[in-house]
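Have the viewer open as you read.

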Amino acid sequence: MRNTRAAAVIGALSLFAAACGGSTDTGSGRTADGGTFTFAIRADPGALDPAMAVLSVTNSVLSFAYDTLVYYGPDGKIVPGLAEKWDVKPDAVTFTLRKDVTCSDGSPLTPSDVAGSVNHITDPATKSPLNGVTVPVGMKAEADDAAGTVTLSTPKPFSFILENAPQIFVVCGKGAKDRSVLARGTSGSGPYTLTEAAPSDHYTFQVRKDYVWGPGGATTKESGQPDKIVLKVVPNEQTAANLLISGDINGAVIYGADRARLEATPGIGKLVISAGNGQFFYHQGEDRPAKDPAVRKALTQAVNLKELAGISSSGTGRPATGLVLDPRPCPGDSVTGHVPAFDEAAASAALDAAGWKAGPDGVRVKDGRKLTLRLLYGTTKGAGVQAAAEYLAAAWKKAGADVTLNGVIDTKLSESLTATQDWDVVWLPIGVTLPTQLEGFLSGPAAPEGANFAHLANDRYQKLVTEAVGKPGEEGCKLWLESESALFEDADLVPVVEDTVLVATKNAKFDLVAGSVAPTTIRMTEAG
């Protein structure tokens, strides 16, 4: 198995993630035709409408049923998908579609279907969280069904206009006409069709034997391609590890303590990959204490981030060097020297200077209001994240804050971020492979109207991004890296550690693309 580059949200809010890897093949290596491939997913994907999908687990599920115009190949280069060729200009890219593609209901895929998928996302009435993230702000799609082409254009030059295309799932057939069917069903041209959805338990897909338009011309006719896919919801990692060892599932991604057990188990394929940053954000809404940059910086100084990195990753992480996953279009280190350093005395003095004075119970007070922090985090990423939340709470309580921990499942986390907004600090990995994919999360309209869930308003970040977006190559990359550093210097978000995960397999092999199993690469193998 290898994990190849694709593009943007690992964690609760992860569209896509990528890293380099190697083989995890187990068993004899000989393929076994047909059969069922069962993979553990950590949470229920929720609603399945591609226009509303920001959770990594949702996008992983959707990748079995939907295609994109182009894909990233093993070498990181763009390869054909629904489009057989394309013409790129600074502010537009025109795709010529294959003529043999059909939707799962048998209807032919048309350029209008592609254009409709893009324009549905950008329609303000849709309130898609992908607008301005995976689909650039102001992008329009125009179809020419007679010519078999679709053109995606932006109001001004956009440096990664082609590289965004692998992120946009294309809806066709009945789902294009009635999107209500997409809540618990699929309507795409992908290699598999959803046949059963049992929320919080499993999702079953059946192979499409006529599928020949996969990434780079991949098909479902290769030896070892499974007839059926079962994505089994297994929130508990120990359970997932046990199921893998017993052979009841063929693959799982493991974050925590069970990694060591699986790594020592014969017959288990193993690959360690990057999984995005462990990091936290401060809510900067008008009524929040972290609206004040002095408070954000002080709270950051109150935490030993090196210790926190080891705790949150259970000792398996690497130093964070930026917000974009490898292989990056803009290599460099935007973190080192730009995050407020650990200094408890300085943190205390800064909070005093900001008007937050210690009360009789030790909790700081300003204008009669206590310094309270509601710390939100996801519970599906292993014991390390829980321990990290407890460590942060202890550090901030020592600094004079009243901290409440709120651990929730991924779907509830998404709701809290985008709708209820009932948090002050959130531990939230965001894995992207293009810096443009961060802009909608880190600037612009605040939730619930936009994707800017933390209500960030960093003028320097926005200025640098505005300059960078229209400049390709090294000139633009320098600005992109500076824009990330601007966020860290203001403690808008705090990168703690680059997490890694173990992808473990048994009696199967596959490639990872965008942090998800690439359906056409799955091969069942005979037991050794």
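Is Asp-367 buried or exposed? Asp-367 is exposed, because its relative accessible area is 77%; here buried means under 20% relative accessible area, exposed over 50%, and partly exposed in between, with a 1.4 Å probe and protein chains only. You'll find Asp-367 in the loop between strand 15 (364–366) and strand 16 (369–370). Asp-367 also has a positive phi of about 50 degrees, although it is not a glycine.

A quick word on what you're looking at: this is a predicted model, where local features need pLDDT of at least 70 and side-chain atom pairs count only at pLDDT 80 or more, while totals for chains, interfaces and linings use all residues. Residues are numbered from 1 along each chain as its sequence is written, and side-chain values use heavy atoms, with hydrogens and water left out.

Now step back. The protein chain has 13 helices and 24 strands; helices (H or I, at least four residues) and strands (E, at least two) are DSSP runs, numbered from the N terminus. Of its 528 residues, 58% are buried. Its C-alpha atoms fill a box of roughly 70 × 55 × 40 Å along the principal axes.

Other loops are worth a stop too. Ser-314, between helix 7 (305–312) and helix 8, is another non-glycine with a positive phi, about 55 degrees. Ser-314 counts as partly exposed because its relative accessible area is 44%. Gly-355 sits in the loop between helix 8 (344–353) and strand 14 (357–358). Setting aside neighbours within four places in sequence, Gly-355 is in contact (heavy atoms within 4.5 Å) with Val-365 and Lys-366. Further along, the peptide bond from Ala-447 to Pro-448 is cis, with omega near 5 degrees, and Pro-448 lies in the loop between helix 11 and helix 12.

That brings us to helix 13 (residues 473–489). Its 17 residues reach 25 Å from first C-alpha to last, close to the 24 Å expected at 1.5 Å a residue; that expected span is 1.5 Å times one less than the number of residues. Among the buried residues of helix 13 are Trp-480, Glu-484, Leu-487 and Phe-488. What do the buried residues of helix 13 pack against? They pack against helix 11 (439–442), helix 12 (459–468) and strand 20 (493–505). After helix 13 comes Ala-491, whose phi is positive, near 55 degrees.
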